[in-house]
Amino acid sequence: MNDIIIIGGGIIGAFIAHDLSRYKLKITLLEKDNDVANETTMANSAIIHTGYDPKDGSLKADLNVEGHRLYPQICKDLEVPYQQIGAYIVAFNDEDEKNLAILKQRAIARNIPYEELTPEQFLIVEPLLNPQIKKVLSFPTTAIIDPMQTCAALIDVAITNGVDVRLNQEVISITDTTDGYLVNTQDHSYATRYVINCAGINSAKVARMIGDDSFDITYRKGEYYVLDKKASYLTKHIIYPCPSKMGKGVLIVPTIHHNILLGPTAFDVEKDDDVATSITGLQEVRQKAQKIIPNIPFDLVIRTFAGLRAKGSTDDFIIYENNQHSHFINVAGIDSPGIASAPAISRYVINNFFHDLQLKENYTIKRRGYYHFDALDEASKARLIAHEPKFGHIICRCEKISEQEIIDCIHRPLVPRTLKAIKKRLRPGMGRCQGGFCAPLIIKIIAKELNIPEDQVCYDAYESKILCYESKGDDHE
Ligand SMILES: Cc1cc2nc3c(=O)[nH]c(=O)nc-3n(C[C@H](O)[C@H](O)[C@H](O)COP(=O)(O)OP(=O)(O)OC[C@H]3O[C@@H](n4cnc5c(N)ncnc54)[C@H](O)[C@@H]3O)c2cc1C
């Protein structure tokens, strides 16, 4: 019998698993995909907002401010990147200026550092921005992270502390039993006292498995362009237009890995797997981004992608224990600022719904970060190569990632078994050639390290086999 089943291995399930893993509890996390951070946590702007945007009195406002405060120490403990680069919100007209005034009032009330800049002051720092901008509100403590790496790191700590993480386990039904719940996947049943539903865009479907239809989730798609690192000269800060009813608008965001993101759009879609980009969506991004920075080098686009926001029907995070089915906790409607709020959401869940928890005698909150061979000075590189020559064998030439870094990444508590899982943690395949050169080499490394045939290595889901047959054999000439 489990004490707790967590459904969903996105940033929310990962934080809750990580934070609860220090207590004397038997916890299992069920994730339907072949890896964690495979849905919304994989496709977003990765900004740790400071918390000026959510409406007064909302859970979003409180948890965003608190989450932003918690992140630096957590990222330090996990040895994952966190960079405070600051954000500028730009106003083009009187209407925008009125909106800036509201954001400024919220910042004052929430004790969030801000600064007002004139166009002259601002264009000295960001000379490529549109000179028609009338006013700027600066939020210097806004930060960026790598949500996929952070999620995997949280899960690694949770596993080290004893959480059982089961991938490829899609929850399809839940039965309320006398002493708890039976959570059923396609091939297993898990008995548990508590259920925490962190199923992202599927969270309303999971709630309905126990007959709870008190909230709905709509899927609000956001499309992006990714620019090559060569475009990093465009801006050093995150640049936002003034937010509207549909969200924060199309942004220009430097990523923690020195690419530039342009996006996202905000369109409601019907299907929970509709993450296709579209000509209309990308044209909108292009036009809105060019309003902020007129000369964007679109020839440096290396990728487009889209993510789905789980938009809750209450227009706020939906976090409660079901009053007819006790110990069933929904953590739903976690759209933006869900990444920024995640550590505080986890604390909120633990403080409100769990009592008298006992700490384990031994647990960890730290984990060793991945190697960043390319970032080292020459003497340190030489030392590492002398210790392990595979550090000197570069596999991904765009991102400059060595064989030993990939091997080290594979031998972690949550073993990345697919090409995409390695890509999400270490970035081979995220560069200019998008994996054209390194993919076959990584397949060989995964196969060797996991002792499986090369043709069993998948890109992502189990069906996504990469090697189907020998293209140069006698049978296929
Ligand atoms: C375009 C866009 C931009 C955004 N930008 C930002 C930003 O800059 N800053 C910010 O703070 N927030 C941002 N967000 C919001 C943020 O990405 C989300 O709030 C956050 O990722 C939600 O995490 P989650 O764990 O709730 O959901 P997810 O990451 O989707 O995780 C849910 C998990 O549950 C699993 N699951 C679903 N159904 C089942 C089932 N039946 N059985 C088992 N497992 C299941 C899924 O496979 C998935 O892994 C953005 C979102 C989008 C879409």
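**Entry 1: the ligand**

I found an oxygen atom of the ligand 3.4 Å from a polar backbone atom of Ala46. A nitrogen atom of the ligand lies 3.2 Å from a polar backbone atom of Ser45. At Ile334, a polar backbone atom is 2.6 Å from an oxygen atom of the ligand. I then looked up the area: the ligand taken alone exposes 1000 Å², and the protein buries 98% of that. These accessible areas come from the Shrake-Rupley method with a 1.4 Å probe, and for residues only the protein chains shown count as cover.

I noted that this is a predicted model, in which local features need pLDDT of at least 70 and side-chain atom pairs count only at pLDDT 80 or more, while totals for chains, interfaces and linings use all residues. Residues are numbered from 1 along each chain as its sequence is written, and side-chain values use heavy atoms, with hydrogens and water left out.

**Entry 2: the shell around the ligand**

Which residues come nearest to the ligand? Of the 39 residues around the ligand, they are Glu31, Thr41, Ile47, Ile334 and Ala340. By class I read 17 nonpolar, 15 polar and seven charged residues in the shell. Ala, Val, Leu, Ile, Met, Phe, Trp, Tyr, Cys and Pro count as nonpolar, Asp, Glu, Lys and Arg as charged, and the others, Gly among them, as polar.

I also checked which elements take part: α1, β13 (217-227), β18 (301-312) and α8 (338-353) each supply at least two residues of the shell. Helices (H or I, at least four residues) and strands (E, at least two) are DSSP runs, numbered from the N terminus.

**Entry 3: domains**

I looked up the domain assignment, which gives domain 1 (1-80 + 144-216 + 313-369), domain 2 (87-140 + 218-310) and domain 3 (373-476). The contact between domain 2 and domain 3 takes eight residues from domain 2 and seven residues from domain 3; contact means heavy atoms within 4.5 Å. The centres of these two domains, taken over C-alpha atoms, are 33 Å apart. The bounds come from an automatic or database domain assignment. Domain 1 and domain 2 each give at least three residues to the shell around the ligand.

**Entry 4: helix α1**

Is α1 enclosed or open? I found 10 of the 10 residues of α1 (residues 11-20) buried, so the helix is largely enclosed by the rest of the structure. Buried means under 20% relative accessible area, exposed over 50%, partly exposed in between (1.4 Å probe, protein chains only). The buried residues include Ile11, Phe15, His18 and Asp19.

**Entry 5: Asn44**

I placed Asn44 in the loop between β2 (27-30) and β3 (47-48). Asn44 counts as buried, because its relative accessibility is 17%. Its side chain reaches the backbone oxygen of Thr40 at 2.9 Å and that of Thr41 at 3.2 Å. Leaving aside neighbours within four places in sequence, Asn44 is in contact with Pro147, Tyr224, Leu261, Phe305 and Ile339. Asn44 and Ile339 are 295 residues apart along the chain, yet their C-alpha atoms are separated by 8.9 Å.

**Entry 6: His49 and Thr50**

I found His49 in the loop between β3 and α2, and Thr50 lies in the loop between β3 and α2 as well. His49 is buried at 7% relative accessible area, and Thr50 is buried at 3%.

**Entry 7: Lys60**

Lys60 is found in helix α2 (residues 59-78). Is Lys60 buried or exposed? It is buried, with a relative accessible area of 9%. Leaving aside neighbours within four places in sequence, I list Lys311, Asp315, Asp316 and Asp335 among its contacts. Lys60 and Asp335 are 275 residues apart along the chain, and their C-alpha atoms are separated by 9.5 Å.

How values were computed. Polar contact = N/O pair within 3.5 Å; in protein donor to acceptor, adjacent residues only side chain to side chain. Near = heavy atom within 4 Å.
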